[in-house]
Amino acid sequence: MALISLQDVSLGFGGPRLLDDVNLQIERGDRIGLLGRNGMGKSTLLKLLNGDILPHSGNVARQQNTRAAYLPQEVPQGLNGRIADILATGLEEVDSSKLDDEQKWQRQHQVDKVISLMDLDADARFEVLSAGLKRRVFLARGLVRNPDLLLLDEPTNHLDIKAIDWLEDFLKRWGGTLVFVTHDRVFLQKLTTRIVELDRGQLYDWDCNYSTFLQRKEAILSAEQAQNATFDKKLAQEEAWIRQGIEARRTRNEGRVRALKKLRQARSERRDLLGKVKMQIGTENRSGRLVLEAENISYSYDDKIIVRDFSTTIQRGDKIGIIGPNGSGKTTLLRVLLGEIQPQQGEVRHGTNLDIVYFDQLRSQLDESKSVLDNVGEGRDTITINGRSRNLMGYLEDFLFTRDRVRAPISALSGGERNRLLLARLFARPANLLILDEPTNDLDIETLEVLEDLLLDYEGTLLLVSHDRAFLNNLVTSTLIMDGSGDVKEYVGGYDDWQKQVDATPASLVPALQVKPPKVAQSPQTESKADSKPAARKLSYNEKRELEELPKRIQMLEEEQHQLTVKMEAPSFYQQEGAIITQAVNRLQEIHEELSRAYHRWSELEG
């Protein structure tokens, strides 16, 4: 028997149904990725599975004594107190006076076990934690009851990359059943055993991983479009025929008229696939070649060092990713670079003709008291993008806001809709320097890919804070890594490139001209005889030839290393196929290793 079974379930809240006579079987041990566009009802389906809401029709059957734990998109407000006390609230409500000592001990042991498992501090106050740690505590609160089923709604939101890696590893090892909604494509690929897609009220079950789903989905959509085109052509022909009048009303044609009515009914009931988000960025003014330059900047807040002795030069067209743990100061670094905060040491110089647009991850630029229309229009009926005037209503339709939705208050919008709204508001302004602080949170995957394509073609400069590994890999030309201690290091390429360079010897990024032959280690006896030198070993003929060739070999490797480094620093380099990029990164590492061996051999032969 399935752990949970949906049978002919329907659910809606006005307008088209979110679930329209759907069926779903969740088997024990499944790891299901739930996909669908923003507003399709993914969060509603999770609440239905958790028992928080009931279907309008149909049946939800559960195995007896099935326990579920639900992690919503946003951690509920108003939770205060010690972490241990908050986890204890996840246990079943039982009058403690009715528990014996053994039962009390078991409950406390379960809380302590989950705290250890989740690497939490039992005595830490929940209200002072970062957003990422709060989500981890709330997940632990669900796990403390030993659930059979975990329901996770955007579990990677507000988590840094280290925390996402930890969560992936934990969920792989966890033996229960998992249903989750996420926009993180790497997370999906690593965890899913099944894909369930919610599309226009229907559930589509794909027994495969994410990459296979993408291929099959493309084929299904192509077939659907062809079928709809054939249907629409037939309907148009019949509508033209009926308008002929007299012939259509003849008795022998009544069957054709009835068939036309059925075609009309079928067309009215068809729910067409919504169009994709259409984005464009106004870049009316080109910035100077130098966008900004930081020289030996340092900044501390209270006793915490945010940035220490950091220097960088950002030029027009650069796309820079910024990665670091939660609380490491990524947003503060952005504000220092933008000049909103003055560094306590060093200097930041800005280039000329900068038009800066800043996407705030907290979306504080949105006015909660205003509608969608007023937040973007700010009193205007039209906006101008790249010299072209656009009607505001049509512009908002490009961001999938329907005409009845544009007058809705901000409070009525989902997290994904709010992100789309902020993007619409910002992209309505000319910008040659885009600052995006966690822009991918709550966006559905399709909108995320549209944003990705837009930024790839963007000719201005981009500074991007993100924990989305695929987004970083596909976009950025270099990455700033913040470790939380104040050190900021720059690496060529995106997330995967950084990981490869970290796994390699750190010296691989040191310019070749600064590498010197290592000194030969001396024995204690030799060190005690400062004025005596060991006799040089006589070289063979082949060794002499080898020593003569080594400087040429080293010079050739250094020149190749320099040329490859210059090529990889170009913004266009990372717009090539992944195989070409990987080949270049691997070759750079090979050169470093060959140089190390050559220098070591040189040192041996010169003895």
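1. A residue is called buried here when its relative accessible area is under 20%, and by that criterion phenylalanine 213, with a relative accessible area of 5%, is buried. The model discussed in these points is a predicted one, and the remarks below should be read with that in mind.

2. Phenylalanine 213 takes part in an aromatic pair with tryptophan 206, in which the ring centres lie 5.3 Å apart and the planes stand at 80 degrees, so the pair is edge-to-face. Tryptophan 206 has a relative accessibility of 12% and therefore also counts as buried. Together with Tyr210, the residues Trp206 and Phe213 form one aromatic cluster.

3. A search of the whole structure gives five aromatic pairs, among them that of phenylalanine 180 with phenylalanine 187, which is edge-to-face with 5.4 Å from centre to centre and 85 degrees between the planes. Phenylalanine 180 counts as buried because its relative accessibility is 1%, and phenylalanine 187 is buried as well, with a relative accessible area of 0%.

4. A further point on aromatic residues concerns tryptophan 166, over whose face arginine 136 lies, at 4.3 Å from the ring centre.

5. Six strands make up an open sheet with mixed pairing, and their order in this sheet is 5-6-7-3-8-9. Strand 5 (68-71) and strand 9 (202-206) are the edge strands, each of them pairing on one side only, and the twist from one strand to the next averages 15 degrees. Within this sheet, strand 3 (residues 31-35) and strand 8 (residues 194-199) run parallel and are joined by four bridges; leucine 35 has glutamate 197 of strand 8 as its bridge partner.

6. Three strands form an open sheet with antiparallel pairing, in the order 2-1-4. Because strand 2 (19-26) and strand 4 (57-62) stand at the edges with a single partner strand each, one side of each is left without a neighbour in the sheet. Neighbouring strands are turned against each other by 15 degrees on average, with direction ignored.

7. Strand 1 (residues 4-11) runs antiparallel to strand 2, to which five bridges join it, and leucine 6 stands opposite leucine 24 of strand 2. Helix 1 (residues 42-50) packs on this three-stranded sheet, where it touches strand 1, strand 2 and strand 4, and the direction of the helix makes about 130 degrees with that of strand 1.

Technical notes
Residues are numbered from 1 along each chain as its sequence is written. This is a predicted model: local features need pLDDT of at least 70, side-chain atom pairs count only at pLDDT 80 or more; totals for chains, interfaces and linings use all residues. Side-chain values use heavy atoms; hydrogens and water are left out. Two strands pair if DSSP finds at least two bridges between them. Helices (H or I, at least four residues) and strands (E, at least two) are DSSP runs, numbered from the N terminus. Axes are lines fitted to C-alpha atoms, for helices over the stretch in contact, and angles run from 0 to 180 degrees between N-to-C directions. Rings of Phe, Tyr and Trp (its six-membered ring) pair if their centres lie within 6.5 Å; planes under 30 degrees apart count as stacked, over 60 as edge-to-face and the rest as tilted. Buried means under 20% relative accessible area, exposed over 50%, partly exposed in between (1.4 Å probe, protein chains only). A charge sits over a ring if NZ of Lys or CZ of Arg is within 6 Å of the ring centre and within 35 degrees of the ring normal. Contact means heavy atoms within 4.5 Å.
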